Amino acid sequence: MENLAKLNFVDTHTHLYMDEYASDRADCVKRAVEQGVSKMVLPNVDISTIDAMWKCCDEFPKNCFPSIGIHPSDITENYQADLKIIEKELQTRSYISVGEIGIDLYHDKTFFKEQEQAFIKQLEFAKAYQKPVVVHTRSAFEECMPILKKFQDGNLRAIFHCFSGSVEMAKRIIGEGFYLGIGGVVTFKNSNLPETLKHVNLNNLVLETDAPFLAPHPYRGNRNDSSYIPLIAEKIASIYEIGLDEVANITTQNAKDIFKFYS
């Protein structure tokens with residue numbers, strides 16, 4: 001492997017504030033930076049995690065950046081009250097993006113209408129505050145895309161988090177000017193994602209871990225963390241038959257274009 005300290009990666013999706021890192025959070029950040037992962041975006045999942053997310057970002061201000069939103073699986077009949085809190089956060093504190101937001105119909109469709117309305121409202125927030133969005137969609141691609149298309153006026157920046165879909169899905173996302181978030185799934189032996197990516201330009205990808213979930217091979221099933229980003233990048237380099245430095249340069253530039261956290 002190349003000298004990772006000389007490379008510059010961005011983990012566009014990690015939940016480093018979660019309890020899984022309570023005993024060694026600082027060590028996780030240190031390991032990530034040593035592996036060339038200098039920036040980590042921390043998407044919120046619900047109202048209860050806002051304080052923990054900010055504590056993490058305040059502790060590591062050069063490395064961790066907050067994103068605010070309500071995960072679709074956490075949407076209930078009380079979503080409107082939660083959205084008022086999200087909007088207040090956007091009004092009073094500095095966030096790098098709105099997310100993760102979207103629609104998830106994989107386990108439960110009970111609150112589909114509420115998920116849809118919450119998604120629309122949070123996209124309105126993103127437009128109003130000129131923020132990119134981190135989109136979570138599971139078993140709901142056809143429900144999410146028409147909504148996003150309505151909001152795409154040429155200025156909406158979006159990442160489809162944890163993308164593992166088909167070539168056709170990828171092309172529809174890219175056709176709207178959005179990006180694919182590629183994580184540990186690309187390294188799984190039974191994944192179809194490597195074949196899909198052969199039909200996608202690297203300029204449309206960003207790297208992510210979704211830590212603590214979905215650790216890449218050979219750590220699958222264990223706790224994930226941002227220091228594993230180079231393993232994902234190595235797999236992508238092998239798919240495109242290019243150097244690891246090129247993957248780092250292009251995906252980091254994409255993250256810069258989306259999040260605007262570099263001068």
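Predicted model: local features only at pLDDT ≥ 70, side-chain atom pairs only at ≥ 80, totals over all residues.
Two strands count as paired if DSSP finds at least two bridges between them. Strands β5 (133–138) and β6 (residues 158–160) pair in the parallel sense, over three bridges. One of the residues involved is Val135, whose bridge partner in β6 is Phe160. Between the two strands comes helix α5 (residues 141–151), and β5, α5 and β6 together make a right-handed β-α-β unit.

Strand β5 has another parallel partner, namely β4, and these two pair over six bridges. Here Asp104 stands opposite Arg138 in β5. A helix belongs to this arrangement as well: β4, helix α4 (residues 112–128) and β5 make a right-handed β-α-β unit.

The strands lead on to the open spaces of the model. Rolling a probe the size of a water molecule over the atoms shows where empty space is left. The largest pocket found has a volume of about 730 Å³. It is lined by 27 residues, and those closest to its centre are His136, Thr137, Arg138, Cys162 and Leu214. Elements that give two or more residues to this lining are β4 (97–104), β5 (133–138) and α6 (167–175). Of the elements, β5 gives the most, with three residues. Sorted by class, the lining of the pocket holds twelve nonpolar, eleven polar and four charged residues.

The structure holds one cavity of 30 Å³ or more, and the volume of the largest cavity is about 30 Å³. The residues that line this cavity are Thr14, Leu16, Tyr21, Cys28, Met40, Ala211, Asp225 and Ser226. By class, five of the lining residues are nonpolar, two are polar and one is charged.

Aromatic side chains give a further view of the structure. A pair of aromatic rings is described by the distance of the centres and the angle of the planes. Four aromatic pairs are present in the structure. In one of them, the ring centres of Trp54 and Tyr95 are 5.4 Å apart and the planes meet at 75°; since planes over 60 degrees apart count as edge-to-face, this pair is edge-to-face. The pair links distant parts of the chain, with Trp54 in helix α2 (residues 50–59) and Tyr95 in the loop between α3 (79–92) and β4, 41 residues apart. Buried means under 20% relative accessible area, so Trp54 is buried at 13% and Tyr95 is buried at 3%. Elsewhere, Phe141, Phe160 and Phe178 form one aromatic cluster; Phe160 is also the bridge partner of Val135.

Gly184 lies in the loop between β7 (179–182) and α7 (193–197). With a relative accessibility of 2%, Gly184 counts as buried. Its C-alpha atom is separated by 9.6 Å from that of Ala233, a residue 49 positions away along the chain.

Definitions and conventions
Residues numbered from 1 in each chain as written. Heavy atoms only, no water. 1 Å grid on protein atoms, 1.4 Å probe; cavity = no way out; pocket = protein on both sides within 12 Å on 5 of 7 lines; lining within 4 Å. Points joined across faces, edges and corners; volume = space filled by probe spheres on them. Helix = DSSP H or I, 4+ residues; strand = E, 2+ residues; numbered from the N terminus. Nonpolar A, V, L, I, M, F, W, Y, C, P; charged D, E, K, R; others polar. Right-handed = clockwise from strand over helix to strand, strands pointing away. Phe/Tyr/Trp six-rings, centres within 6.5 Å; stacked < 30°, edge-to-face > 60°. Buried < 20%, exposed > 50% of the residue type's maximum accessible area, 1.4 Å probe, protein only.
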